[in-house]
Amino acid sequence: MRRVILMMVLLGCFIFSRALGQQVEGLDSLLMNTALPYYENLYVHTDRSNYQPGDTIFLRGDLFSAVLNRQMLNSRFIYVDLVDTNDAVLHREKIALDTINGSFNGYFPLHKQLKRGEYKLFAYTYFMQNLGKEYFFCKKISLNESQFGNEYMMSDMDDFQLIRPDYTIHKYT
């Protein structure tokens, strides 16, 4: 009799654990496929924070679900704006999704006529426009004019190095 009860308890635990496992998997698909509002978090990485007029900003964007904290591939494009201190959009780029690695890789040229100062880089998807600017990714960009003739400043985070154009610089990763 004890064996039968033990077998029934073990069978019940096994069935309950299987049903619970299927329910959790079903919850993910329910959240992804229903009309529940989903929120996107966009993270943009740039090659540096300080630039000169005429430089190019290289960037990579990653889009995640704010609810599930997983990479999302719902949006096929991101929009990147360069905004001055008066909130005027100076330049806009549309960057397509790289389907191989699931990120947005692109570049953003800076005009040579841009003045020295602080700018903001906004990045967003078409869906994020419905939610407002507070959901956009924002990064401050500094624009500094070169003061060294045919030498130039190159920044790596906050450390600055003076580099001559006739030198070859190799960085090891």
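Colleague: Which side chain meets that of Asp 81 in a salt bridge?

Modeller: This is a predicted model, in which local features need pLDDT of at least 70, side-chain atom pairs count only at pLDDT 80 or more, and totals for chains, interfaces and linings use all residues. Residues are numbered from 1 along each chain as its sequence is written, and side-chain values use heavy atoms, with hydrogens and water left out. A salt bridge requires a side-chain nitrogen of Lys or Arg within 4 Å of a carboxyl oxygen of Asp or Glu. At 2.7 Å from N to O, the partner of Asp 81 is Arg 92.

Colleague: How many residues apart in sequence are the parts that this pair ties together?

Modeller: The salt bridge joins Asp 81 and Arg 92. Asp 81 lies in strand S4 and Arg 92 in strand S5, so the parts tied together are separated in sequence by 11 residues.

Colleague: Which residue meets Arg 48 in a salt bridge?

Modeller: The structure holds 3 salt bridges; one of them joins Asp 62, buried at 10%, to Arg 60 at 3.4 Å, N to O. Arg 48 is itself buried, with a relative accessible area of 15%. At 2.9 Å, N to O, its side chain meets that of Asp 55.

Colleague: How many helices and strands does the protein chain contain?

Modeller: Helices (H or I, at least four residues) and strands (E, at least two) are DSSP runs, numbered from the N terminus. The order of elements is α-β-β-β-β-β-β-β-β-β-β. The count is therefore 1 helix and 10 strands.

Colleague: Which residue in S6 is the bridge partner of Ile 57?

Modeller: S3 and S6 run antiparallel and are joined by 6 bridges. Within S6, Ile 57 is paired with Phe 108.

Colleague: How many residues has the largest nonpolar core?

Modeller: A nonpolar core is a set of buried Ala, Val, Leu, Ile, Met, Phe, Trp, Tyr and Cys residues joined through side-chain atoms within 4.5 Å. Those with the most contacts inside the largest core include Ile 57, Leu 59 and Phe 108. Elements giving two or more residues to this core include S3 (56–65), S4 (77–83) and S6 (103–109). The core comprises 28 residues.

Colleague: Is Met 1 buried or exposed?

Modeller: Met 1 lies in the segment before helix H1 (2–33). Together with Ile 5 and Val 9, Met 1 forms a nonpolar surface patch of about 340 Å² accessible area; nonpolar patches join Val, Leu, Ile, Met, Phe, Trp or Tyr side chains within 5 Å, from residues with over 30% relative accessible area and no salt bridge. With a relative accessible area of 78%, Met 1 is exposed.

Technical notes. Buried < 20%, exposed > 50% of the residue type's maximum accessible area, 1.4 Å probe, protein only. Patch = residues over 30% accessible without salt bridge, like charges linked within 9 Å, V, L, I, M, F, W, Y side chains within 5 Å. Areas by Shrake-Rupley, 256 points an atom, 1.4 Å probe, with all protein chains shown as cover. Pairing = 2+ DSSP bridges.
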